[in-house]
Amino acid sequence: MRNILSLDGGGIRGVFLIQILARMEALLREKYQKPDLVLADHFHYIGGTSTGAIVAAVLSWGAPVETIEKLYLDQSHQVFGRANALNRIWAKFEALALDRILRDFFSVDGQPVLLGTERLRTHFLCVMRNATTGAPWIITNNPQAKYNDPSLPDNNLLIPLYKLIRASTAAPYFFRPERISLGGMEWLFMDGGVTPYNNPAFMMYLTATLPCFGNSWEDGEDKMRIISVGTGRVRETFKTRRFFKRVTIFDQIKHSLSALVDSNNQHQDLSCRVLGRCLFGEPLDSELGSLVPEEIDALTSRKRFLYCRYNHNITPDEKAEVAHIVNFFSLDNLRAIDLLREFGQHFAAQSVRIEHLV
(Lines give C-alpha, C1' and ligand atoms only; values in the text may rest on other atoms or scores of the structure.)
Protein backbone atom coordinates (compact mmCIF):
# COMPACT_ATOMS: atom_id res chain seq x y z
CA MET A 1 0.00 0.00 0.00
CA ARG A 2 1.45 3.35 -1.08
CA ASN A 3 0.38 6.11 1.32
CA ILE A 4 0.28 9.67 -0.08
CA LEU A 5 -0.19 12.83 2.00
CA SER A 6 -1.29 16.07 0.31
CA LEU A 7 -1.31 19.44 2.12
CA ASP A 8 -3.10 22.62 0.95
CA GLY A 9 -1.80 26.16 1.02
CA GLY A 10 -3.35 28.78 3.29
CA GLY A 11 -0.76 30.95 5.04
CA ILE A 12 -1.10 31.11 8.82
CA ARG A 13 -4.17 28.90 8.51
CA GLY A 14 -1.64 26.10 8.29
CA VAL A 15 -2.03 26.04 12.09
CA PHE A 16 -5.45 24.41 11.50
CA LEU A 17 -3.90 21.80 9.22
CA ILE A 18 -1.19 21.00 11.77
CA GLN A 19 -3.78 19.93 14.36
CA ILE A 20 -5.11 17.30 11.95
CA LEU A 21 -1.60 16.00 11.35
CA ALA A 22 -1.03 15.82 15.11
CA ARG A 23 -4.14 13.67 15.50
CA MET A 24 -2.97 11.38 12.66
CA GLU A 25 0.46 10.99 14.23
CA ALA A 26 -1.02 10.21 17.66
CA LEU A 27 -3.36 7.55 16.25
CA LEU A 28 -0.56 5.86 14.31
CA ARG A 29 1.72 5.87 17.36
CA GLU A 30 -1.01 4.21 19.39
CA LYS A 31 -1.81 1.69 16.65
CA TYR A 32 1.79 0.53 16.24
CA GLN A 33 2.87 1.10 19.86
CA LYS A 34 5.71 3.32 18.69
CA PRO A 35 5.85 6.57 20.70
CA ASP A 36 8.52 8.04 18.41
CA LEU A 37 6.76 7.25 15.12
CA VAL A 38 6.64 10.18 12.68
CA LEU A 39 4.49 10.61 9.60
CA ALA A 40 7.49 9.99 7.34
CA ASP A 41 7.44 6.41 8.70
CA HIS A 42 3.91 5.90 7.36
CA PHE A 43 3.68 7.98 4.18
CA HIS A 44 5.74 7.21 1.10
CA TYR A 45 5.01 10.49 -0.69
CA ILE A 46 4.37 13.86 0.99
CA GLY A 47 3.66 17.07 -0.88
CA GLY A 48 2.15 20.49 -0.48
CA THR A 49 1.68 23.98 -1.83
CA SER A 50 2.71 27.25 -0.17
CA THR A 51 2.35 26.80 3.60
CA GLY A 52 1.61 23.14 2.81
CA ALA A 53 5.01 22.89 1.10
CA ILE A 54 6.74 24.03 4.31
CA VAL A 55 4.89 21.44 6.38
CA ALA A 56 5.42 18.70 3.79
CA ALA A 57 9.16 19.32 3.67
CA VAL A 58 9.52 19.28 7.46
CA LEU A 59 7.54 16.02 7.63
CA SER A 60 9.57 14.45 4.83
CA TRP A 61 12.70 15.55 6.72
CA GLY A 62 11.56 13.13 9.44
CA ALA A 63 10.43 15.66 12.05
CA PRO A 64 7.47 15.06 14.39
CA VAL A 65 4.41 17.28 14.09
CA GLU A 66 5.28 19.11 17.32
CA THR A 67 8.40 20.46 15.60
CA ILE A 68 6.27 21.99 12.84
CA GLU A 69 3.83 23.55 15.28
CA LYS A 70 6.66 25.03 17.34
CA LEU A 71 8.18 26.46 14.15
CA TYR A 72 4.90 28.16 13.26
CA LEU A 73 4.15 29.48 16.73
CA ASP A 74 7.69 30.73 17.41
CA GLN A 75 8.46 32.25 14.02
CA SER A 76 5.16 33.56 12.65
CA HIS A 77 5.61 37.06 14.10
CA GLN A 78 8.94 37.34 12.31
CA VAL A 79 7.61 36.00 9.00
CA PHE A 80 4.62 38.36 9.05
CA GLY A 81 6.54 41.40 10.21
CA ARG A 82 5.53 44.32 8.02
CA ALA A 83 7.96 45.76 5.50
CA ASN A 84 9.05 49.32 6.07
CA ALA A 85 7.09 52.08 4.33
CA LEU A 86 9.61 52.37 1.47
CA ASN A 87 9.54 48.64 0.65
CA ARG A 88 5.78 48.18 0.94
CA ILE A 89 5.44 49.26 -2.66
CA TRP A 90 6.91 45.82 -3.48
CA ALA A 91 5.21 43.60 -0.88
CA LYS A 92 3.35 43.73 2.42
CA PHE A 93 6.02 41.68 4.21
CA GLU A 94 9.77 41.31 3.96
CA ALA A 95 10.81 37.81 2.89
CA LEU A 96 14.14 37.93 4.72
CA ALA A 97 12.87 36.30 7.92
CA LEU A 98 11.11 33.46 6.07
CA ASP A 99 14.17 32.99 3.88
CA ARG A 100 16.45 32.72 6.94
CA ILE A 101 14.14 30.32 8.81
CA LEU A 102 13.90 27.96 5.84
CA ARG A 103 17.61 28.16 5.09
CA ASP A 104 18.57 27.41 8.69
CA PHE A 105 16.18 24.47 9.03
CA PHE A 106 17.02 22.77 5.74
CA SER A 107 20.78 22.80 6.23
CA VAL A 108 23.32 20.19 7.28
CA ASP A 109 26.57 21.30 8.92
CA GLY A 110 25.71 24.88 8.07
CA GLN A 111 25.23 24.20 4.35
CA PRO A 112 21.80 24.34 2.69
CA VAL A 113 20.79 20.95 1.31
CA LEU A 114 19.67 20.46 -2.27
CA LEU A 115 16.40 18.97 -3.49
CA GLY A 116 18.24 15.69 -4.12
CA THR A 117 19.33 15.36 -0.48
CA GLU A 118 19.08 11.96 1.18
CA ARG A 119 17.79 13.72 4.31
CA LEU A 120 14.32 13.69 2.76
CA ARG A 121 12.95 10.33 3.85
CA THR A 122 10.02 10.22 1.42
CA HIS A 123 9.15 11.26 -2.08
CA PHE A 124 8.53 15.01 -1.80
CA LEU A 125 6.53 17.40 -3.98
CA CYS A 126 6.00 21.16 -3.94
CA VAL A 127 4.15 23.45 -6.31
CA MET A 128 5.02 26.92 -7.55
CA ARG A 129 4.36 29.08 -10.59
CA ASN A 130 7.23 29.95 -12.90
CA ALA A 131 6.40 33.58 -13.65
CA THR A 132 9.23 33.72 -16.21
CA THR A 133 7.79 30.98 -18.43
CA GLY A 134 4.14 31.31 -17.36
CA ALA A 135 3.79 27.67 -16.31
CA PRO A 136 3.09 25.78 -13.10
CA TRP A 137 6.10 23.93 -11.72
CA ILE A 138 5.22 20.66 -10.00
CA ILE A 139 8.63 19.64 -8.74
CA THR A 140 9.62 16.44 -6.94
CA ASN A 141 12.78 14.80 -5.64
CA ASN A 142 12.12 11.66 -7.69
CA PRO A 143 15.47 10.86 -9.39
CA GLN A 144 13.60 9.37 -12.35
CA ALA A 145 11.75 12.61 -13.16
CA LYS A 146 12.58 14.10 -16.56
CA TYR A 147 14.20 17.30 -15.30
CA ASN A 148 16.05 15.57 -12.44
CA ASP A 149 18.49 14.01 -14.90
CA PRO A 150 22.10 14.46 -13.62
CA SER A 151 23.30 15.05 -17.19
CA LEU A 152 21.27 18.28 -17.45
CA PRO A 153 23.02 21.55 -16.57
CA ASP A 154 19.76 22.74 -14.98
CA ASN A 155 19.07 19.51 -13.08
CA ASN A 156 16.33 20.38 -10.56
CA LEU A 157 17.89 18.17 -7.89
CA LEU A 158 20.68 20.77 -7.61
CA ILE A 159 18.34 23.56 -6.48
CA PRO A 160 18.57 24.35 -2.73
CA LEU A 161 15.52 22.92 -1.02
CA TYR A 162 14.81 26.08 0.97
CA LYS A 163 14.64 28.19 -2.20
CA LEU A 164 12.01 25.90 -3.73
CA ILE A 165 9.89 26.11 -0.59
CA ARG A 166 10.34 29.87 -0.47
CA ALA A 167 9.23 30.04 -4.13
CA SER A 168 6.12 27.98 -3.34
CA THR A 169 5.21 30.48 -0.59
CA ALA A 170 5.75 33.70 -2.59
CA ALA A 171 2.12 34.79 -2.34
CA PRO A 172 1.28 37.85 -4.48
CA TYR A 173 0.93 41.04 -2.42
CA PHE A 174 2.33 39.35 0.70
CA PHE A 175 5.87 38.47 -0.51
CA ARG A 176 8.05 39.35 -3.46
CA PRO A 177 8.67 36.63 -6.08
CA GLU A 178 11.62 34.30 -5.49
CA ARG A 179 14.55 34.22 -7.92
CA ILE A 180 16.29 30.92 -8.70
CA SER A 181 19.39 30.58 -10.88
CA LEU A 182 20.61 27.25 -12.23
CA GLY A 183 22.65 26.09 -15.21
CA GLY A 184 23.07 29.60 -16.56
CA MET A 185 19.32 30.24 -16.46
CA GLU A 186 17.30 32.46 -14.14
CA TRP A 187 13.61 32.34 -13.23
CA LEU A 188 11.17 34.23 -11.05
CA PHE A 189 8.63 32.20 -9.08
CA MET A 190 5.32 32.96 -7.44
CA ASP A 191 3.19 31.09 -4.91
CA GLY A 192 1.84 27.71 -6.00
CA GLY A 193 -1.59 28.88 -4.88
CA VAL A 194 -1.95 30.81 -8.15
CA THR A 195 -1.77 27.53 -10.09
CA PRO A 196 -4.63 24.99 -10.22
CA TYR A 197 -2.82 23.03 -7.49
CA ASN A 198 -3.18 24.89 -4.20
CA ASN A 199 -4.71 21.56 -3.23
CA PRO A 200 -2.25 19.21 -4.98
CA ALA A 201 -3.98 15.90 -4.14
CA PHE A 202 -5.02 14.81 -7.62
CA MET A 203 -1.76 16.06 -9.13
CA MET A 204 0.11 13.91 -6.60
CA TYR A 205 -1.86 10.90 -7.84
CA LEU A 206 -0.87 11.73 -11.42
CA THR A 207 2.81 12.24 -10.59
CA ALA A 208 2.78 8.92 -8.73
CA THR A 209 1.22 6.89 -11.54
CA LEU A 210 1.86 8.44 -14.96
CA PRO A 211 5.05 7.13 -16.65
CA CYS A 212 5.99 10.64 -17.85
CA PHE A 213 6.66 11.62 -14.22
CA GLY A 214 8.99 8.67 -13.66
CA ASN A 215 7.15 6.79 -10.88
CA SER A 216 4.59 4.43 -12.48
CA TRP A 217 3.26 3.28 -9.12
CA GLU A 218 0.43 0.80 -9.40
CA ASP A 219 -2.94 2.10 -8.26
CA GLY A 220 -6.04 0.39 -6.87
CA GLU A 221 -7.92 0.29 -3.57
CA ASP A 222 -5.49 -2.26 -2.17
CA LYS A 223 -2.39 -0.45 -3.44
CA MET A 224 -2.80 3.30 -2.87
CA ARG A 225 -4.25 5.64 -0.26
CA ILE A 226 -4.40 9.45 -0.50
CA ILE A 227 -4.98 11.64 2.55
CA SER A 228 -5.66 15.28 1.63
CA VAL A 229 -5.62 17.96 4.35
CA GLY A 230 -6.89 21.52 3.95
CA THR A 231 -6.54 24.71 5.97
CA GLY A 232 -10.25 25.34 6.51
CA ARG A 233 -12.66 26.47 3.81
CA VAL A 234 -14.36 29.84 3.87
CA ARG A 235 -16.63 30.58 0.91
CA GLU A 236 -15.51 33.72 -0.89
CA THR A 237 -18.34 36.26 -1.17
CA PHE A 238 -18.68 40.00 -1.55
CA LYS A 239 -18.62 41.36 1.96
CA THR A 240 -21.77 43.44 1.60
CA ARG A 241 -24.90 43.00 -0.47
CA ARG A 242 -24.40 46.08 -2.54
CA PHE A 243 -26.41 47.01 -5.56
CA PHE A 244 -24.80 45.80 -8.77
CA LYS A 245 -23.55 49.24 -9.81
CA ARG A 246 -21.76 49.79 -6.49
CA VAL A 247 -19.40 46.79 -6.78
CA THR A 248 -16.06 48.44 -7.57
CA ILE A 249 -13.08 47.14 -9.48
CA PHE A 250 -11.23 46.80 -6.16
CA ASP A 251 -14.02 44.64 -4.78
CA GLN A 252 -13.70 42.37 -7.80
CA ILE A 253 -9.91 42.10 -7.68
CA LYS A 254 -9.91 41.33 -3.96
CA HIS A 255 -12.59 38.68 -4.45
CA SER A 256 -11.29 36.98 -7.58
CA LEU A 257 -7.92 35.52 -6.55
CA SER A 258 -9.27 33.90 -3.39
CA ALA A 259 -12.34 32.67 -5.25
CA LEU A 260 -10.20 31.04 -7.95
CA VAL A 261 -8.00 29.33 -5.37
CA ASP A 262 -11.09 27.98 -3.61
CA SER A 263 -12.57 26.75 -6.89
CA ASN A 264 -9.35 24.96 -7.82
CA ASN A 265 -9.25 23.32 -4.39
CA GLN A 266 -12.75 22.00 -4.91
CA HIS A 267 -11.92 20.70 -8.39
CA GLN A 268 -8.95 18.69 -7.12
CA ASP A 269 -11.09 17.30 -4.31
CA LEU A 270 -13.93 16.40 -6.69
CA SER A 271 -11.55 14.56 -9.04
CA CYS A 272 -10.21 12.48 -6.17
CA ARG A 273 -13.68 11.63 -4.85
CA VAL A 274 -14.85 10.44 -8.26
CA LEU A 275 -11.80 8.32 -9.15
CA GLY A 276 -11.08 7.16 -5.60
CA ARG A 277 -13.19 5.53 -2.92
CA CYS A 278 -13.97 8.37 -0.53
CA LEU A 279 -13.85 7.21 3.08
CA PHE A 280 -14.35 10.66 4.58
CA GLY A 281 -15.02 14.20 3.46
CA GLU A 282 -17.43 17.01 4.29
CA PRO A 283 -20.01 17.80 1.56
CA LEU A 284 -18.61 19.59 -1.47
CA ASP A 285 -21.87 21.50 -1.94
CA SER A 286 -25.63 20.99 -1.62
CA GLU A 287 -25.90 19.34 -5.04
CA LEU A 288 -22.89 17.00 -5.01
CA GLY A 289 -22.99 16.09 -1.34
CA SER A 290 -19.93 14.21 -0.08
CA LEU A 291 -19.82 11.60 -2.89
CA VAL A 292 -19.45 8.75 -0.43
CA PRO A 293 -19.25 5.27 -2.02
CA GLU A 294 -22.96 4.50 -2.21
CA GLU A 295 -23.53 7.73 -4.15
CA ILE A 296 -20.72 7.44 -6.65
CA ASP A 297 -19.88 3.76 -7.15
CA ALA A 298 -22.11 3.48 -10.19
CA LEU A 299 -20.00 6.02 -12.09
CA THR A 300 -16.69 4.17 -12.02
CA SER A 301 -16.38 0.41 -11.80
CA ARG A 302 -12.76 0.51 -10.67
CA LYS A 303 -11.59 2.76 -7.86
CA ARG A 304 -8.03 4.01 -8.25
CA PHE A 305 -7.26 4.61 -4.57
CA LEU A 306 -8.70 5.05 -1.11
CA TYR A 307 -9.27 8.70 -0.28
CA CYS A 308 -9.94 10.98 2.69
CA ARG A 309 -10.34 14.74 2.60
CA TYR A 310 -9.89 16.49 5.94
CA ASN A 311 -11.03 20.07 5.50
CA HIS A 312 -13.70 21.87 7.46
CA ASN A 313 -16.31 24.10 5.81
CA ILE A 314 -16.54 27.03 8.20
CA THR A 315 -20.19 27.50 9.19
CA PRO A 316 -22.07 30.80 9.59
CA ASP A 317 -22.17 30.20 13.36
CA GLU A 318 -18.40 29.77 13.46
CA LYS A 319 -17.97 32.93 11.41
CA ALA A 320 -20.13 34.78 13.92
CA GLU A 321 -18.04 33.36 16.77
CA VAL A 322 -14.90 35.05 15.43
CA ALA A 323 -16.56 38.18 14.04
CA HIS A 324 -14.80 40.31 16.66
CA ILE A 325 -11.45 39.53 15.00
CA VAL A 326 -11.14 41.57 11.81
CA ASN A 327 -10.20 39.49 8.75
CA PHE A 328 -10.02 36.36 10.89
CA PHE A 329 -9.58 33.99 7.93
CA SER A 330 -6.95 36.01 6.07
CA LEU A 331 -3.60 34.35 5.35
CA ASP A 332 -1.60 36.55 7.72
CA ASN A 333 -3.83 37.20 10.75
CA LEU A 334 -1.69 36.30 13.77
CA ARG A 335 -4.55 37.12 16.14
CA ALA A 336 -6.37 34.07 14.77
CA ILE A 337 -3.75 31.48 15.76
CA ASP A 338 -5.26 30.35 19.06
CA LEU A 339 -8.76 29.95 17.64
CA LEU A 340 -7.41 28.20 14.54
CA ARG A 341 -5.75 25.68 16.85
CA GLU A 342 -9.05 25.17 18.69
CA PHE A 343 -10.98 24.72 15.44
CA GLY A 344 -8.37 22.28 14.16
CA GLN A 345 -8.24 20.21 17.34
CA HIS A 346 -12.04 19.95 17.50
CA PHE A 347 -12.34 18.97 13.85
CA ALA A 348 -9.52 16.42 14.12
CA ALA A 349 -11.02 14.77 17.21
CA GLN A 350 -14.39 14.48 15.48
CA SER A 351 -13.19 13.41 12.05
CA VAL A 352 -9.84 11.60 11.91
CA ARG A 353 -10.06 7.83 12.45
CA ILE A 354 -7.34 5.18 12.43
CA GLU A 355 -9.33 3.13 9.90
CA HIS A 356 -8.88 6.00 7.46
CA LEU A 357 -5.11 5.65 7.73
CA VAL A 358 -4.41 1.90 7.87
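Colleague: What makes Val-79 buried or exposed?

Modeller: This is a predicted model. Val-79 has a relative accessible area of 11%, and buried means under 20%. Val-79 is therefore buried.

Colleague: Where is Val-79 placed, and how many residues separate Val-79 from His-324?

Modeller: Val-79 belongs to helix 4, which covers residues 65–79. In sequence Val-79 and His-324 are 245 residues apart, and their C-alpha atoms are 24 Å apart in space.

Colleague: Why is helix 6 described as largely enclosed by the rest of the structure?

Modeller: Because eight of the eight residues of helix 6, residues 161–168, are buried. The buried residues are Leu-161, Tyr-162, Lys-163, Leu-164, Ile-165, Arg-166, Ala-167 and Ser-168.

Colleague: Why are helix 7 and helix 8 called oblique to each other?

Modeller: Helix 7 (residues 201–209) and helix 8 (residues 249–275) pack at about 55 degrees. Roughly parallel requires an angle under 35 degrees, and roughly perpendicular begins at 65. The pair is therefore oblique. The axes of the two helices are 7 Å apart.

Colleague: Which residues make the contact of helix 7 with helix 8?

Modeller: From helix 7 they are Ala-201, Phe-202 and Met-203, which meet Gln-268, Ser-271, Cys-272 and Leu-275 of helix 8. By class, the contact has five nonpolar residues, two polar and no charged.

Colleague: Which residues line the largest cavity, and how do they divide by class?

Modeller: The lining consists of Gln-266, Asp-269, Arg-273, Gly-281, Glu-282, Pro-283, Leu-284, Arg-309, Asn-311 and Asn-313. Two are nonpolar, four polar and four charged.

Colleague: What is the volume of the second largest pocket, and what lines it?

Modeller: The second largest pocket has a volume of about 430 Å³. Its lining has 17 residues, with Ile-138, Ile-139, Lys-146, Tyr-147 and Asn-156 nearest the centre. Strand 6, residues 135–140, gives the most to this lining, with five residues. The classes are nine nonpolar, six polar and two charged.

Notes
Residues numbered from 1 in each chain as written. Predicted model: local features only at pLDDT ≥ 70, side-chain atom pairs only at ≥ 80, totals over all residues. Heavy atoms only, no water. Axes fitted to C-alpha atoms, helices over the stretch in contact; angles between N-to-C directions. Helix = DSSP H or I, 4+ residues; strand = E, 2+ residues; numbered from the N terminus. Parallel < 35°, antiparallel > 145°, perpendicular 65-115°, else oblique. Contact = heavy atoms within 4.5 Å. Nonpolar A, V, L, I, M, F, W, Y, C, P; charged D, E, K, R; others polar. Buried < 20%, exposed > 50% of the residue type's maximum accessible area, 1.4 Å probe, protein only. 1 Å grid on protein atoms, 1.4 Å probe; cavity = no way out; pocket = protein on both sides within 12 Å on 5 of 7 lines; lining within 4 Å. Points joined across faces, edges and corners; volume = space filled by probe spheres on them.
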